[in-house]
Amino acid sequence: MTPTGYRPSLLRRVLRVLAIVACLPYISLKIVWVAGGELGIPAGSELLEHPTLLAVANSISVLADAAVVVLALLLTQKWGLRVRAWLLAFPMWAATGLLTPIMAGYPAQLAVALFSGDERVAAPREPFLDDWVFAVVYGGFILQGLALGSLFVLYARDRWGHVWRGRLGELSAGTSGPGTRALALAGAVVALLPATVQLIWLSGSTRGLSPRRAAERDPDFYVLSAVHLAFLVAAVVFTLLLVLRRPARLGVRPVLALAWVSTGAMGCWGAYMSLVALQPESDVAKQVPALAQLSYAGQMITGFLLAACVAVFLRRRSAEA
């Protein structure tokens, strides 16, 4: 369902500019680091211990954030309406998954710090980045998420609005067969491990944490654990609701939207944390324990299994329409 004579509205043009401009601070900072600069990196930071690895990681980060610029253009140009669905859906799912936990977690961290009045009593023993870097980078990520997310909603409404119409009870049995339900159940079972680990950490236990991470726990740590647990629960619950088509009176749109966002958050952040945990580390105090690695892998597997259910639903629902 591709509208003809497509022209981006003023709102879409403004959102496009906002999404692109929001990328510039992060990309600029990363380019400085790739070039060997140390802007925002304090003396003695562990980031300076591996300059080659830092350059490679930052180069990848620049490309990833540049993809946001491409997506912002794609979502507001006529040629973007001709892009194959899967070629757009996967990067948008990944971008949503990576940005949404930051959009939820960073303001929550600021709110906790504001209302509690607590300063970080368990401050890192070694410097990492200047405080202003987090404000600039995360602030940019939040703007990217708001602008890009709004553009995608407008784009999807024009192109695929028929997919999320109606209520769950009105969906045909063909949108989720036995295989899809089995896949969703498998994802729910795998989710038990990372959910249990997050609950253990929220209870105050240090099991599965490296010695350094255990010593540096602060309100931010607990906020992030709560955010990841919330997204994990949401991914399981809303994907199961979509697959089981219950409760019948619930609208398809909110269930599909929440399943899309939460599965992306679990799949992409689980994959990212797994890659970080697998990096070689000679300092025993910084090595990620096996339990934490299993938890990150569980998040990743859960996210991808449940996202596959969402993908099957979208494909079959689109074919029916």
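**View 1. V56 in helix α2 of the predicted model.** V56 sits in helix α2, which covers residues 51-74; helices (H or I, at least four residues) and strands (E, at least two) are DSSP runs, numbered from the N terminus. V56 is partly exposed, its relative accessibility being 46%. On this scale buried means under 20% relative accessible area, exposed over 50%, and partly exposed in between (1.4 Å probe, protein chains only). The C-alpha atoms of V56 and L185 lie 38 Å apart, the two residues being separated by 129 residues along the chain. This is a predicted model, in which local features need pLDDT of at least 70 and side-chain atom pairs count only at pLDDT 80 or more, while totals for chains, interfaces and linings use all residues. Residues are numbered from 1 along each chain as its sequence is written, and side-chain values use heavy atoms, with hydrogens and water left out.

**View 2. The chain as a whole.** The protein has ten helices and zero strands, so that from the N terminus on its elements run α-α-α-α-α-α-α-α-α-α. The radius of gyration is 21 Å, close to the 20 Å that the globule rule gives for 321 residues, so the protein is as compact as a globular protein of that length. The radius of gyration is taken over C-alpha atoms, and the globule rule is 2.2 Å times the number of residues to the power 0.38. Along its principal axes the C-alpha trace spans about 60 × 40 × 40 Å. Of the 321 residues, 43% are buried. Contact means heavy atoms within 4.5 Å; among contacts between residues at least 6 apart in sequence, 85% join residues at least 24 apart.

View 3. The structure holds three salt bridges, a salt bridge being a side-chain nitrogen of Lys or Arg within 4 Å of a carboxyl oxygen of Asp or Glu. Side chains of opposite charge can pair when their charged atoms come close. One of the bridges joins R12 to D158, with the closest N and O atoms 2.8 Å apart. R12 lies in helix α1 (residues 10-34) and D158 in helix α4 (residues 131-160), so this pair ties together parts that are 146 residues apart in sequence. R12 is buried, at a relative accessible area of 7%. D158 also forms a salt bridge with R157, where the closest N and O atoms are 3.8 Å apart. R157 is partly exposed, with a relative accessible area of 48%.

**View 4. The R212 and E216 pair.** A salt bridge connects the side chains of R212 and E216, at 2.8 Å from N to O. Both R212 and E216 are buried.

**View 5. A156 in helix α4.** A156 belongs to helix α4 and is buried, with a relative accessible area of 4%. Leaving aside neighbours within four places in sequence, A156 is in contact with G161 and W164.

View 6. On a 1 Å grid over the protein atoms alone, a pocket is an open set of points with protein on both sides within 12 Å along at least five of seven lines, and lining residues have an atom within 4 Å of a point. The lining comprises 37 residues, of which A89, W93, F152, W260 and L314 lie nearest the centre of the pocket. Helices α3 (85-116), α4, α9 (252-277) and α10 (290-320) each supply at least two lining residues, and α3 gives the most, with eleven. By class, the lining has 28 nonpolar, seven polar and two charged residues. Ala, Val, Leu, Ile, Met, Phe, Trp, Tyr, Cys and Pro count as nonpolar, Asp, Glu, Lys and Arg as charged, and the others, Gly among them, as polar.

View 7. R245 lies in the loop between α8 and α9, and P247 lies in the loop between α8 (219-244) and α9. The peptide bond from R246 to P247 is cis, with omega near -5°. Phi of R245 is near 60°, a positive value in a residue other than glycine. Most residues other than glycine have a negative phi, and most peptide bonds are trans. R245 counts as buried, at 16% relative accessibility.

Notes: 1 Å grid on protein atoms, 1.4 Å probe; cavity = no way out; pocket = protein on both sides within 12 Å on 5 of 7 lines; lining within 4 Å.
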